[in-house]
Amino acid sequence: MTRKKTMTGFTLAEVLITLGIIGVVAALTIPALIANHKKTAVETRLKKFYSVMNQAITQSELENGDKSTWNIDMSVDKDNNESALIESLNNLEWYNKYLAKYLKTTKVEKNQDNYVAAYFSDGSIVVIRRGGSTYNFFPDGKNYEKLNLNDIFNQQSDPNNKIYGKTCFLFA
């Protein structure tokens, strides 16, 4: 009596079906993982920016007094009382006087609207407007460079504006 040798293993079809299932599962889960990673990265940069700015303002207050006494870029008070003119600094002068030495930036520039854009080493950018009363933070600086400034600053009341809370975050 002779025994027949049987071979065990997977057929090519079984291997291909298994690889196909793995590919479908990967295609469904990888985009969610990437989106989750990006969301976490943005949250981390927001927390870091908030902390860095608060520290810079606090350090500047020690040297320059309470921030409520800092000169801001306005020519008249809120009631348009011309006799109440206050000393005015443009945004870049304001930045250099109150924040420059407390922030570690890779580049600082004044854009076409006279706002200050400060670039950080992690690729994020803050645009300082109105003498330091408004900060537009871009966790990914590429988004700032792609946008028209009118899209950012002049459409805040537009409900269809998809910039705020996604690519730009407003601090005041």
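## Briefing on the predicted model

At 37% relative accessibility, Val15 counts as partly exposed, a class lying between buried (under 20% relative accessible area) and exposed (over 50%), with a 1.4 Å probe and protein chains only. This is a predicted model, in which local features need pLDDT of at least 70 and side-chain atom pairs count only at pLDDT 80 or more, while totals for chains, interfaces and linings use all residues. Residues are numbered from 1 along each chain as its sequence is written, and side-chain values use heavy atoms, with hydrogens and water left out.

**Overall layout**
- The protein chain holds four helices and five strands, taken as DSSP runs numbered from the N terminus (helices H or I, at least four residues; strands E, at least two).
- From the N terminus on, these elements follow the order α-α-β-β-β-β-α-α-β.
- Of the 172 residues in the protein chain, 28% are buried.
- Where contact means heavy atoms within 4.5 Å, 45% of the contacts in the protein chain between residues at least 6 apart in sequence join residues at least 24 apart.

**Nonpolar cores**
- A nonpolar core is a set of buried Ala, Val, Leu, Ile, Met, Phe, Trp, Tyr and Cys residues joined through side-chain atoms within 4.5 Å; the largest one has 20 residues, and those with the most contacts inside it are Phe49, Trp94, Tyr95, Leu99, Val126, Ile128 and Tyr135.
- Two or more residues of this core come from each of α1 (12-64), α2 (91-98), β2 (116-119), β3 (125-129) and β4 (134-138), and the largest share, five residues, comes from α1.
- Leu99, its neighbours within four places in sequence left aside, is in contact with Met53, Ala56, Ile57, Trp94, Ile128 and Tyr135.
- A second, separate core of nine residues includes Tyr119, Phe138, Tyr144 and Ile163.

**The buried face of α2**
- The buried residues of α2 are Asn91, Trp94, Tyr95 and Tyr98.
- Seen down the axis of α2, these buried residues fall within an arc of 100° (taken from the directions from the helix axis to the C-beta atoms), so they line one face of the helix.
- Among the elements that cover the buried residues of α2 are α1, β1 (107-110), β2, β3 and β4.

**Surface**
- The accessible surface of the protein chain, from the Shrake-Rupley method with a 1.4 Å probe, comes to about 12,000 Å², of which 56% belongs to carbon and sulfur atoms.
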